[in-house]
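Please keep the sequence and the structure in view while reading.

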Amino acid sequence: MSTLRIFGLTLLAMLAFAGNSLLCRLALKHTSIDAASFTTIRLVSGAMMLWLIVSIRRSESARAYVGKGNWSSACALFAYAAGFSFAYISLPAATGALLLFGVVQATMIGYGIWQGERFRRPQLLGLFLALAGMVGLLLPGLSAPPLWGSVLMLGSGVAWGVYSLRGKGAGDPSGVTAGNFLRTVPMAMVLSLIFMYSSNIDSAGVLYAIVSGAITSGMGYAIWYAVLPALKATHAATVQLSVPVLAAIGGVTFLGEALTLRLLLASAAILGGIALVILEKQKP
């Protein structure tokens, strides 16, 4: 795979991941669709797209597709998707993406520490910076994000971190992700039943949910897993730092969101701290 192709596919994957935040916020702020319906349509669309991609690429039967993944990982995936949607009822796109990414990385770093991984001094400094940035973002004040939305996004980030940790070394990431998405469909149906009396659907909201599920989730993951083997571990980890930045740019450009000084300082601390941890971890 050529360098230009690797760069292009990586950029597409990062734009897709940032696009999830923008599409969800756009749907829940500017259309009448409810969070439960958005979650259900997104997961069903993602499952269908991933099934199609895996089936065409490998000519696998539906039975082989269903057999991949597992229910524990699917529960973590569903918890991420549901928390993500309900959080974006009140959170701006940029703040949500920053909280999500920061907590995902904190969860994975924390797991490494729990497993006995020893950190060098620069890594500890980076971890302190990232935690300080998170605390600074969430402290009460005029520009503080809504508390309930923040709590939901923090929970969503922990769920995605758990899902990522469970997926390490699973083999065939596209097939496993497809199987896990399929397993979330009955969970999403139950969620929609629980919120049935407050559900609301319109054509624009459904369209955003389908694009989020099929394109920025399904195709985004497929592209990322296709390019991942060509990236060094350091590059694969650090390139994801661009997702909150892209979400912030999209939020300002397409949703008219404001970039506050608190968000800028918190972003610098969180993303810079995480980058320091990741880069130091890869040193021999």
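Asn180 is located in helix α8, which covers residues 173-194; helices here are DSSP runs of H or I with at least four residues, strands are runs of E with at least two, and both are numbered from the N terminus. The model is a predicted one, in which local features need pLDDT of at least 70 and side-chain atom pairs count only at pLDDT 80 or more, while totals for chains, interfaces and linings use all residues. Residues are numbered from 1 along each chain as its sequence is written, and side-chain values use heavy atoms, with hydrogens and water left out.

With a relative accessible area of 1%, Asn180 is buried. Buried means under 20% relative accessible area, exposed means over 50%, and partly exposed lies in between, for a 1.4 Å probe and protein chains only. Which residues does Asn180 touch, not counting residues up to four places away in sequence? They are Lys68, Gly69, Asn70, Ser73, Ala74, Leu77 and Tyr163, where contact means heavy atoms within 4.5 Å. Lys68 is 112 residues from Asn180 in sequence, yet their C-alpha atoms are 7.4 Å apart in space.

Trp71 belongs to helix α4. When neighbours within four places in sequence are left aside, Trp71 is in contact with Arg183, Pro186 and Met187.

Ser90 occupies the loop between α4 (71-87) and α5 (93-114). Its relative accessibility is 29%, so Ser90 counts as partly exposed. Beyond residues up to four places away in sequence, Ser90 touches Arg25, Pro146 and Gly149.

Ala266 is part of helix α12, residues 261-281. Ala266 counts as buried because its relative accessible area is 4%. Apart from residues up to four places away in sequence, its contacts are Leu98, Gly133 and Leu137.

| Pair | Separation in sequence | C-alpha to C-alpha distance |
|---|---|---|
| Ser90 and Pro146 | 56 residues | 6.6 Å |
| Trp71 and Ala27 | 44 residues | 29 Å |
| Ala266 and Val211 | 55 residues | 30 Å |

The cysteines form a separate topic. A disulfide is a covalent bond between the sulfur atoms of two cysteines. How many disulfides does a search of the whole structure find? The search finds zero, a disulfide being a pair of cysteine sulfur atoms within 2.5 Å. Cys24 has 0% relative accessibility and therefore counts as buried, whereas Cys75, at 41% relative accessibility, counts as partly exposed.

The remaining points concern the protein as a whole. It contains 12 helices and zero strands. The radius of gyration of the protein is 18 Å, close to the 19 Å that the globule rule gives for 284 residues, so the protein is as compact as a globular protein of that length. This radius is taken over C-alpha atoms, and the globule rule is 2.2 Å times the number of residues to the power 0.38. Along the principal axes, the C-alpha atoms fill a box of roughly 50 × 45 × 35 Å.

Of the 284 residues in the protein, 50% are buried. Among contacts with a separation of 6 or more, 89% are between residues 24 or more positions apart. The protein exposes about 13500 Å², and carbon and sulfur atoms supply 71% of this area; accessible areas come from the Shrake-Rupley method with a 1.4 Å probe, and for residues only the protein chains shown count as cover.

There are 18 positive and 7 negative side chains, and the centres of the two sets lie 8 Å apart. Lys and Arg count as positive and Asp and Glu as negative, while His and the chain ends are not counted. The place of a charge is taken as NZ of Lys, CZ of Arg, CG of Asp or CD of Glu.
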